[in-house]
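Trainee: I would like to learn how to read backbone features. Please show me the model and walk me through it.

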Amino acid sequence: MYLSRKIIHADSPRLRSYTGKSIGVAVLDTGIYPHEDFIFPSNRIVAFKDFIHHRPERYDDNGHGTHVCGIIAGNGKHSEGRYRGIAPGAHLIVGKVLDSSGNGSIPHILDAIRWVIDNRQLYNIRILNISVGSESTDVDEEKSILVQSVNAAWDNGITVIVAAGNNGPKQMSVTSPGISRKVITVGSSDDDKAIMLGGNRIHNYSGRGPTKRMIPKPDIVAPGSDIISCCPPYYGNSSGYTARSGTSMATPIVSGAAALFLGKYPEMTNEQVKYYLQNTATDLHLPRNQQGYGLLNVERLLLSPKP
């Protein structure tokens, strides 16, 4: 597992039959490298679209997107099972919206979200993972075009899961589109641990609510510090894996859990997915605008009685 089994209980024998098979997870990020964990024994990268350079081949010139995808759906093939994602049976639909420096523009993200909405039935896209955020400058942040776009994806039945951002610990530091009251916003449960991010050593980094409209955020938390996942070989790591930190890493953990849940209950709506994620979380007894409903608990989520 990429994560501590003790924390989220995702690897007990009675849960191993749940893999997220047939569930499509769309990821908007820096792209994806065709790592062995995604393409053997069968290719689970079912679609790729480059909104930055319009190249046809699957690639990742930063590594962030590959790391996120590995947390969601890596099957551990390259490491002989040592490092495995949350939903190793899920398939991936990847939009490259960030460049080699991890930067992107709102128009590219909007185009990518529309592409996901338009192709949701073709690829059975049930989940949209966005580990991307920006500080909102809108007077009414909920009317921003980015929030409206993720809300449109949500209204089309897609479970949208987004990062809370790394601007904590001050209040109202959740980034957009995580400020949307509809989507599932994810913070880091272990941000008390000092990490290196952007060349700086920081801690207590996870974005805190409420939003300017006084909506409590995040909705849930998951581990985000020093998470091991897939990386392209051209970053000099011969193992094929590396550690990264931030709410960008916590978010795909929740996306993977949602894929497992939808694999078990494919008839579930996104509203139901959100409800069960929140109401099976473990209370960490921290402020609501720091922990949301608590720490993701995969075992409790999957063993919940059928609604």
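Trainee: Where is Pro177 found?

Mentor: Pro177 sits in the loop between strand E5 (159–163) and strand E6 (184–188). Strands (E, at least two residues) and helices (H or I, at least four) are DSSP runs, numbered from the N terminus. This is a predicted model: local features need pLDDT of at least 70, side-chain atom pairs count only at pLDDT 80 or more, and totals for chains, interfaces and linings use all residues. Residues are numbered from 1 along each chain as its sequence is written, and side-chain values use heavy atoms, with hydrogens and water left out.

Trainee: What kind of peptide bond joins Ser176 and Pro177?

Mentor: Start with the general idea: most peptide bonds are trans, and most residues other than glycine have a negative phi. Ser176 and Pro177 are joined by a cis bond, with omega about 15 degrees. Pro41 belongs to the loop between helix H2 (36–39) and strand E2 (45–50).

Trainee: Now phi. What is the phi of Glu80?

Mentor: Glu80 is not a glycine, yet its phi is positive, about 55 degrees. Its place is the loop between helix H3 (64–73) and strand E3 (91–96).

Trainee: Is Glu80 buried or exposed?

Mentor: Exposed: Glu80 has a relative accessible area of 78%. Buried means under 20%, exposed over 50%, partly exposed in between (1.4 Å probe, protein chains only).

Trainee: And what is the phi of Asn124?

Mentor: Positive, about 50 degrees, and Asn124 is not a glycine. Asn124 lies in the loop between helix H4 (106–118) and strand E4 (125–130). Asn124 is partly exposed, at 31% relative accessible area.
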